[in-house]
Amino acid sequence: MGTLHELHEAGQSVWLDFIRRDMLATGELARMVTDGIRGLTSNPTIFQKAIGGSDSYDAAIRDALTDDQDSGPLAVYEGLAVADIRDAADALLGVYESSAAHDGYVSLEVSPYLAADTAGTISEAHRLWNLVARPNLMIKVPATPEGIPAIEELIASGVNVNATLMFSLADYEAVAQAFVRGIRRAADPHSIASVASFFVSRVDNITDAALDKVGSERALTLRGRTAVANAKLAYERYLQIFEGAEFADQIERGAQTQRVLWASTSTKNPAYSDVLYVEPLVGPNTVNTMPPATIDAYLDHGSADGAALLAGMDQAHDHFVALEDLGIDFAALAAQLQVDGVQAFADSFAELLATVEEKMRALR
């Protein structure tokens, strides 16, 4: 049995990958913070399930319609989301303050419809940043080719950024260097925080399918290993960029490093351990954002080894050599994952707005 505090002692912060209004109203989030939760992330899929799967938002939707009968679903959703994000940020403010702005963040995503629009992403991020008006807010920006320059500009202007939808070392390199460039341009780097959200479980999903297609004995032994190996190599690069000479001058200016955050950490394949994307990825200066079921699994039978993430680096490199030898183009698979991820969030956003509109019609 593990505890979230043990993970923190090992250098890893656990953020909750979930939000719903009733958990804010009942004090459940505050209790989870006491138990060791140190941040929270959201996305369109999470909000769609929260609003559509409960009646917790019905009163607020009814109030919005009372105030303005002509409100559209986007405006109503935004009002609901901003209220939740503010309340969550307030519940985590103590963590933010006691950690000297290292933890205690709540993430809100820019519209996934803007994933290919640099200027639109920058404008929307600033609007949401000013609308929520909490120092412990992070704006989620996808690591698409158009998102990378937006990340740099937002960091340079003092907006906290959660860079998301990274699946490859190339994605990570682009995000990390955008952060470095932004911090170098920032007037006050001390006040800026950022994480690089590196997706995990989806990597095994797509790579396992490619290995199954190869079908050889060697290929089948590599299943379920790519995601962790990929994450280890991203962390290795984090250490090279942020804990070496390259970023030392910015640390002297008061800058924080851009921690790697493990995202998509629920195990999708029932044949694998339900803490597969937790235990091997424990290491200093990292974040793991977990949905409630993964947190419960870790608390039930997980363990924290602070050296786990650094173990097996040679094997991680060898794994990708083996994939290449089998003719598997991992770079192409990772690029497809990002395209699919953007589309999945766009689909969820459309479904979210449809859910809100349906509730609005029912409550009018």
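Residues are numbered from 1 along each chain as its sequence is written, and side-chain values use heavy atoms, with hydrogens and water left out. Since the model is a prediction, local features need pLDDT of at least 70 and side-chain atom pairs count only at pLDDT 80 or more, while totals for chains, interfaces and linings use all residues.

Helices (H or I, at least four residues) and strands (E, at least two) are DSSP runs, numbered from the N terminus. Two packed helices are described by the angle between their axes and the distance between the axes. Here, axes are lines fitted to C-alpha atoms, for helices over the stretch in contact, and angles run from 0 to 180 degrees between N-to-C directions.

We can begin with helix 11 (residues 201-214) and helix 17 (residues 330-363), whose axes lie 10 Å apart at an angle of about 130°. That makes helix 11 oblique to helix 17; angles under 35 degrees count as roughly parallel, over 145 as roughly antiparallel, 65 to 115 as roughly perpendicular and the rest as oblique. The crossing of helix 11 with helix 17 is right-handed. A crossing is left-handed if the near helix is turned anticlockwise from the far one by less than a right angle, and right-handed if clockwise. In contact (heavy atoms within 4.5 Å) are Arg202, Val203, Ile206, Thr207 and Ala210 of helix 11 and Phe330, Leu333, Leu337, Gly341 and Phe345 of helix 17. Seven of the residues in this contact are nonpolar, two polar and one charged; Ala, Val, Leu, Ile, Met, Phe, Trp, Tyr, Cys and Pro count as nonpolar, Asp, Glu, Lys and Arg as charged, and the others, Gly among them, as polar.

Helix 13 (residues 226-242) and helix 16 (residues 313-325) cross at roughly 120°, and their axes come within 9 Å. Helix 13 is therefore oblique to helix 16, and the crossing of helix 13 with helix 16 is left-handed. The contact of helix 13 with helix 16 divides into seven nonpolar, four polar and two charged residues.

The largest nonpolar core holds 125 residues, of which Tyr77, Ile139, Ile151, Tyr172, Phe242 and Trp262 touch the most other members. Helix 17 gives the most to this core, with twelve residues. Such a core is a set of buried Ala, Val, Leu, Ile, Met, Phe, Trp, Tyr and Cys residues joined through side-chain atoms within 4.5 Å. Leaving aside neighbours within four places in sequence, Tyr172 contacts residues including Met166, Phe198, Tyr238 and Phe242.

Val356, in helix 17, is buried at a relative accessible area of 0%; buried means under 20%, exposed over 50% and partly exposed in between (1.4 Å probe, protein chains only). Beyond neighbours within four places in sequence, Val356 is in contact with Ile51, Pro73, Val76 and Tyr77. Thr286 sits in strand 8 (residues 286-290) and is also buried, at 0% relative accessibility. By contrast, Ala174 of helix 10 (residues 169-185) is partly exposed at 28%.

Most residues other than glycine have a negative phi, and most peptide bonds are trans. Ala100 has a positive phi near 55°, and it is exposed at 60% relative accessibility. Ser264 likewise has a positive phi of about 55°, but Ser264 is buried, with a relative accessible area of 12%.
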